[in-house]
Amino acid sequence: MKLEKIIAVRTSKTVFRDGDKCIKLFDQDHSKAKILSEAATHAKVEESGLNVPKVLEVTKAEGKWAIVYEFISGKTLDRLAGEAPEKADEYMERFVEAQLKINAAKAHSLEKLKDRLAESLFAADLPSATLYELHMRLESLPVGDRICHGDFAPSNLIVNGEDEDYIVDWSHAAQGVPAADAARTYLLFWLAGEIDGADRYLSLYCEKSGIAKAEIQKWIPLRAAERLAQGKAEEREFLLYWVNVVDYE
């Protein structure tokens, strides 16, 4: 295994390419349990029949844990959009269609999204009154049994040389309702500073899915609290705004 060609650097991990393999190498402080869980989650999604890279092995390299995947040669959708901004609408259509395919699939062995959200609320460092309101909101929402990517953004959609879509980065996947997944993606557009893109995405997702915008908006405070629990100080003020938004137009 050669760790020479870096293709991405993320918080707590570095991604390498070695021929037809993609190696995600985790930092020393990343727990073995979390890494094995991530590989298992990806494998469960793989079994659903969605177009995802195959998990090949979990191993150690340079004394650190690593997950080895099939390498998918191509360009991410955000890169394609940057190269051809005049195709923004076309790429947004493609992005939403890909998410609808994800949200139509099932993987019953995945963790329940509502269980994960309930756990994350306690780590979000919020006032007790806010926590109570969020828990009551979560209790009122449906469980669902569809695959939710949990981190779906244009950077996680790769278009290969045959013009096929592959979805990567399944570490946050769970089973729930599509509206919850759309709420997370909407927030990701905002966090990336793409406010117009967020609104275009939400309108198009609602149009193509038949889901009312209000149903997606019900999940936004919960997904914002979930993100807060990750402890990124630079995002806290922005996310607190969304946590405290109750009424929408």
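Which helices do the buried residues of α5 pack against? Before the answer, a word on the model. It is predicted, so local features need pLDDT of at least 70 and side-chain atom pairs count only at pLDDT 80 or more, while totals for chains, interfaces and linings use all residues. Residues are numbered from 1 along each chain as its sequence is written, and side-chain values use heavy atoms, leaving out hydrogens and water.

| Helix packed against α5 | Residues |
|---|---|
| α4 | 113-121 |
| α8 | 213-217 |
| α9 | 220-228 |
| α10 | 236-243 |

Helices are DSSP runs of H or I with at least four residues, numbered from the N terminus. Helix α5 spans residues 128-140, 13 residues in total, and reaches 19 Å from first to last C-alpha, close to the expected 18 Å (1.5 Å times one less than the number of residues). Buried here are T130, L131, L134, R137 and L138 (under 20% relative accessible area, with exposed being over 50%, 1.4 Å probe, protein chains only). They sit on the same side of α5 because they cover an arc of only 125° around the axis, judged by the directions from the helix axis to the C-beta atoms. On the other side, S128, Y132, E133, E139 and S140 are exposed.

Now for the domains. An automatic or database assignment sets the bounds, giving domain 1 (5-70) and domain 2 (74-244). Eleven residues of domain 1 are in contact with 17 of domain 2 (heavy atoms within 4.5 Å).

Conventions:
Helices (H or I, at least four residues) and strands (E, at least two) are DSSP runs, numbered from the N terminus.
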